[in-house]
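Subject: Handing over the two-chain model

Hi,

Here is the structure I promised to pass on to you. Please open it first, and then read my notes below alongside it.

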Amino acid sequence: MTELLIRGGRVIDPSRGTDGVADLYIKDGRIEAVGRNIALDPGVEVVDAAGKVVAPGLIDLHVHLREPGFEHAETIATGALSAVAGGFTAVCAMPNTDPVTDSQATVGFVVRQAIRAGKARVYPIGAVSLGQKGEQLTEFGEMVQAGAVAVSDDGKPVATSHLMRTALEYARTFGIPVADHCEDMSLATGGVMHEGLIAARLGLQGIPSAAEEIMVARDIILAELTGGHVHLCHMSTRGSVELIRWAKAKGLNVTAEATPHHFTLTHERCLGYDTNAKMNPPLREAADREAIRQGLRDGTIDCIASDHAPHHYDTKEREFDEAPNGIVGLETALGLALRELVEPGLLPLPDLIARMSTVPARIFHLPGGTLAIGAPADVVVFDPTRRWAVRREDLHSKSTNSPFLGETLLGQADVTIVGGRVVFNRSDRPIS
Amino acid sequence: MSPPVLGKDLVGLEYLTADQILLILDTAEPFKEVSERPIKKVPALRGKTIVNLFFEASTRTRISFEFAEKRLSADTVNVATTGSSVSKGETLVDTARNLEAMRIDMVVIRHPSSGAAEFLGNRIRSNVINAGDGRHEHPTQALLDMLTLRDRFGRIAGLKVAICGDVLHSRVARSNIWGLLKLGAEVAICGPATLIPREFAELGVRIFPRIEEAIEWADALNVLRLQLERMSSGFIPSLREYNRVFGVTRERLAKAGREVVILHPGPMNRGVEIDSDVADGPASVILPQVTNGVAVRMAVLYLLAGGAPDWRSAPTPGDDR
């Protein structure tokens with residue numbers, strides 16, 4: 001196995017609370033040493049990280065890789081490539097594929113395709129219910145054996161309180177979280193954006209914040225009833241943040257994620273009927289965005305997840321009502337987080353890395369999120385000061401449905417290493 | 001030809017200035033007379049080709065546009081969704097590109113999705129006129145409403161206009177709110193709380209929960225059609241109760257002690273949102289609205305084609321002389 005030295009970067013490891021200029025020495029796929037003036041065997045490859053940050057590879061608990069079933073929009077290979085280009089060494093793939101990832105076999109397929117792609121690690125999330133129909137529990141045990149790290153009916157909420165209760169109870173056997181897309185469908189059905197003045201002006205049917213908050217409250221109450229671990233996906237409202245704060249104060253086993261678009265944009269982005277501003281949950285109001293930011297700052301929101309949702313351009317080139325929900329996010333997540341959270345002083349850089357790597361690893365019990373000696377060498381080297389424009393042609397995902405095209409972001413991954421292997425190198429220069 | 005005073009498209013009144021709206025109303029004035037002539041035709045749009053693209057059923061608006069186009073001497077084609085490639089699953093953008101490829105000058109579009117007119121306008125070079133997009137806007141309806149109000153009151157500024165009924169689902173309401181506010185009128189909305197978007201208060205629109213209060217306050221009521229499917233979707237319990245609580249009736253109007261002018265964009269549900277003796281009564285301007293519709297649409301077509309504000313003194317667009 002190759003050896004690799006990452007030389008002279010600012011090494012930040014939230015798992016150990018360390019932050020300082022050092023060399024990182026990788027051997028046999030693992031972190032071998034961190035320090036200064038590490039003695040090298042001749043011929044060891046060197047990554048020059050001067051002026052850059054060296055951190056545990058980013059981990060995204062919430063992506064849609066579209067394979068099987070929607071390979072025209074994304075495949076596991078292109079999604080995993082997009083991930084490493086964004087600095088992610090591991091992503092968790094939601095099960096709303098076709099067929100739904102709801103069995104040992106379909107989970108195994110995702111694992112195999114990811115290994116074949118050889119880019120980011122891809123951890124499948126199995127469906128909670130067969131076919132995501134909200135009726136019968138899937139075989140959690142067999143899916144976990146095949147590689148699933150959590151269960152979710154994402155895209156839809158876990159349909160009934162009874163199903164959520166049984167899922168949380170059953171999931172305890174395997175120590176996995178139940179990740180829920182919180183939406184009361186009886187309030188949300190037909191809605192295409194946040195309910196508020198902009199929706200009223202545009203004549204679009206709104207989704208009230210209450211639709212999310214009712215389900216967040218339900219899930220918190222069921223977490224208390226069952227002792228199970230609820231992971232709340234893509235939180236978008238100030239009410240949800242308050243509910244989670246309350247749940248955590250009670251010591252309940254509740255974790256939550258928020259997306260870069262929800263801490264960056266508001267519903268005003270829907271003006272002009274831009275379908276790249278259509279996602280679910282929808283972009284909310286400035287006060288909601290602020291609550292999400294504060295939640296990330298104080299830890300009420302545990303982590304950042306992209307909800308990477310590729311769609312072929314044809315399907316987004318539609319009337320707003322008809323266009324599908326979601327945007328790609330793997331390659332813009334870091335640049336948005338640095339621009340929106342770190343640059344304004346809301347989050348210190350080590351805390352951001354915690355929220356994008358160490359904490360998500362902990363929540364889903366994944367390897368990674370650490371540069372501890374002996375840990376798998378999943379590492380990102382990024383330039384935290386580079387300003388770069390998001391250009392369609394530079395994205396590695398198969399789809400480019402992003403509301404951030406043309407925007408200037410701050411900070412970008414240069415080298416991404418998975419298991420000691422350089423899987424992405426932005427520069428043309430070879431690793432010396 | 002002068003530069004286009006309205007921009008390329010007419011998508012909604014939200015996007016126009018007060019001056020632009022007044023220009024349309026003023027341009028409509030001389031066009032009223034064309035429809036009163038024995039030979040109802042002027043050459044203003046001779047040689048222009050216009051497609052009326054209707055993705056939703058419409059009688060009044062479609063015919064009104066068609067008359068407006070024909071009285072301006074344009075060549076027109078009507079496309080309805082049934083029996084066209086749309087019913088074969090063609091997307092709006094493909095329909096638009098195909099029309100563009102036939103080198104048409106203008107598209108009048110009616111579509112069930114909010115934003116469809118803007119979507120189309122951003123993708124083709126032809127002028128696009130919104131004849132109603134989902135719940136968003138129906139600008140020519142609001143323009144004809146305002147022209148009718150101006151005929152009756154001599155002004156718009158300072159008028160108190162209450163828009164009554166299903167504002168939530170109404171493109172007519174949204175266009176009227178923008179147009180009237182821009183021209184300095186006071187605007188109120190009134191109806192069951194399930195059909196009244198409270199957010200409009202942020203624009204300076206008054207909200208009356210009871211129709212009696214709206215009548216007491218208003219100089220004119222614009223009574224919206226109540227879509228019958230609102231009952232099945234749970235917004236109101238029954239049409240009977242709607243009429244009892246929110247219906248515009250002669251008895252309620254009599255209590256105002258003064259004339260309250262009645263507008264309705266049609267088609268009416270007599271005995272639901274409006275009683276027949278109100279619709280047919282002396283304060284009703286419902287038929288003058290329809291007459292003004294043709295003039296307003298002539299004005300919009302003419303101005304978007306690049307016509308000068310006074311068509312009688314201007315050369316015909318597309319004319320070689």
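**Chain B: overall form**

A compact globule of 321 residues would have a radius of gyration near 20 Å, and chain B has 20 Å, so the two agree. Do keep in mind that this is a predicted model. The C-alpha trace of chain B spans about 60 × 45 × 40 Å along its principal axes. Its secondary structure comes to twelve helices and nine strands.

**Chain B: a four-stranded sheet**

In chain B you will find an open sheet of four strands with parallel pairing, in the order β2-β1-β3-β4. The edge positions belong to β2 (75–80) and β4 (127–133) of chain B; each has a single partner strand, so one side of each is left without a neighbour in the sheet. Ignoring direction, neighbouring strands of this sheet are turned by 15° against each other on average.

Strand β1 (residues 49–54) of chain B runs parallel to β2(B), and six bridges join the pair. As a place to look, L53(B) stands opposite V79(B) in β2(B). Helix α12 (residues 286–304) of chain B lies across β1, β3 (106–111) and β4 of chain B, and runs at about 150° to β4(B).

**Chain B: a helix pair**

How do helix α1 (residues 18–34) and helix α5 (residues 139–153) of chain B cross, and at what angle? Their axes come within 10 Å and cross at roughly 70°, which makes α1(B) roughly perpendicular to α5(B). On the α1(B) side, the residues that meet α5(B) are I21(B), L22(B), I24(B), L25(B), D26(B), A28(B), E29(B) and K32(B). Facing them from α5(B) are L143(B), M146(B), L147(B), R150(B) and D151(B). By class, the residues of this contact between α1(B) and α5(B) are eight nonpolar, no polar and five charged.

**Chain A: sheet and helices**

Now to chain A, where eight strands form an open sheet with parallel pairing, ordered β6-β7-β8-β9-β10-β13-β14-β15. Here β6 (58–63) and β15 (303–304) of chain A stand at the edges with a single partner strand each, so one side of each has no neighbour in the sheet. Strand β14 (residues 254–258) of chain A pairs with β15(A) in the parallel sense over two bridges; the bridge partner of E257(A) in β15(A) is C303(A). Helix α4(A) packs on the sheet, where it touches β10 (178–180) and β13 (230–232) of chain A, and its direction makes about 150° with that of β10(A).

Helix α4 (residues 161–172) of chain A also packs with helix α7 (residues 209–226) of chain A, at an angle of about 45° and with the axes 10 Å apart. The two helices α4(A) and α7(A) are therefore oblique to each other, and their crossing is right-handed. Among the residues making the contact are M164(A) and L168(A) of α4(A), and L222(A) and A223(A) of α7(A). The contact of α4(A) with α7(A) divides into five nonpolar, two polar and five charged residues.

**Chain A: backbone points to check**

Most residues other than glycine have a negative phi, and most peptide bonds are trans.

- E67(A) and P68(A) are joined by a cis peptide bond, with omega about 5°; P68(A) is in the loop between β6 and α1 (76–85) of chain A.
- D98(A) and P99(A) are joined by a cis peptide bond, with omega about 5°; P99(A) lies in the loop between β7 (88–93) and α2 (104–117) of chain A.
- H365(A) is not a glycine, yet has a positive phi of about 55°; H365(A) sits in the loop between α13 (349–363) and β16 (379–389) of chain A.

Best wishes

Terms used. Residues numbered from 1 in each chain as written. Chains lettered and ligands numbered in written order. Predicted model: local features only at pLDDT ≥ 70, side-chain atom pairs only at ≥ 80, totals over all residues. Heavy atoms only, no water. Axes fitted to C-alpha atoms, helices over the stretch in contact; angles between N-to-C directions. Parallel < 35°, antiparallel > 145°, perpendicular 65-115°, else oblique. Left-handed = near helix turned anticlockwise from the far one by under 90°. Contact = heavy atoms within 4.5 Å. Nonpolar A, V, L, I, M, F, W, Y, C, P; charged D, E, K, R; others polar. Pairing = 2+ DSSP bridges. Rg over C-alpha atoms; globule rule 2.2 N^0.38 Å.
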